[in-house]
Amino acid sequence: MDFLVDHAVLISALIALVAIIAGGAILALRILAMIRTVKRAKRTVTVAAGALAADVKRVTDAVGALPQQQGEITATLTSLQTSAGAAGVLAKHAMVARRALRAPLMYLGR
């Protein structure tokens, strides 16, 4: 017991040193775990960013192609409207011809 009383400062310093070393070891382990977590998250984000960049490029290319396709669509619609107008005229003349051809049948009662 006299040894503890005589060397109280030394023993206190040793206890403090052990506590500091233990705290440093725990801190080092937590830092290593955090570094691993950050690396894993960085890999995940890098893959996701690559996929996002590919999608952005695809959408940008599609938007760039819209004006070219718009001209084709407009030309096709104009052609379709012209064809529909011609078909309407043909249908009107066909109905007139049908009435003219069926007119004698009306006189015969059929």
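# Patches, a salt bridge and a spread-out chain

Tutor: On the surface, a patch of positive charge gathers Arg 36, Lys 39, Arg 40 and Arg 43. This is a predicted model: local features need pLDDT of at least 70, side-chain atom pairs need 80 or more, and totals for chains, interfaces and linings use all residues. Numbering runs from 1 along each chain as its sequence is written, and side-chain values use heavy atoms, without hydrogens and water.

Student: What makes a group of residues a patch?

Tutor: Each member needs over 30% relative accessible area and no salt bridge. Like charges are joined within 9 Å, and nonpolar side chains (Val, Leu, Ile, Met, Phe, Trp, Tyr) within 5 Å. Lys and Arg count as positive, Asp and Glu as negative; His and the chain ends are not counted.

Student: Why is Arg 40 called partly exposed?

Tutor: Buried means under 20% relative accessible area, exposed over 50%, and partly exposed in between (1.4 Å probe, protein chains only). Arg 40 has 48% relative accessibility, so Arg 40 counts as partly exposed. Arg 40 is in helix α2.

Student: Which residues form the nonpolar patch on the surface?

Tutor: Leu 27, Leu 29, Ile 31, Leu 32 and Ile 35 do, with about 480 Å² of accessible area together. That area comes from the Shrake-Rupley method with a 1.4 Å probe, and for residues only the protein chains shown count as cover. Ile 31 lies in helix α2, residues 8–108. Its relative accessible area is 42%, so Ile 31 is partly exposed.

Student: How do you know that Lys 57 and Asp 61 meet in a salt bridge?

Tutor: A salt bridge puts a side-chain nitrogen of Lys or Arg within 4 Å of a carboxyl oxygen of Asp or Glu. Here the N to O distance is 3.1 Å. The structure holds one salt bridge.

Student: How far apart are Lys 57 and Asp 61 in helix α2?

Tutor: They are four residues apart, so about one helical turn separates them. Lys 57 is exposed, at 53% relative accessible area. Asp 61 is partly exposed, at 43%.

Student: What is the secondary structure of the chain?

Tutor: Two helices and zero strands. Helices (H or I, at least four residues) and strands (E, at least two) are DSSP runs, numbered from the N terminus.

Student: Why is the chain called more spread out than a compact globule?

Tutor: The globule rule is 2.2 Å times the number of residues to the power 0.38, and the radius of gyration is taken over C-alpha atoms. For 110 residues the rule gives 13 Å; the chain has 45 Å, well over that, so the chain is more spread out. Of the 110 residues, 0% count as buried.

How values were computed:
Charge placed at Lys NZ, Arg CZ, Asp CG, Glu CD.
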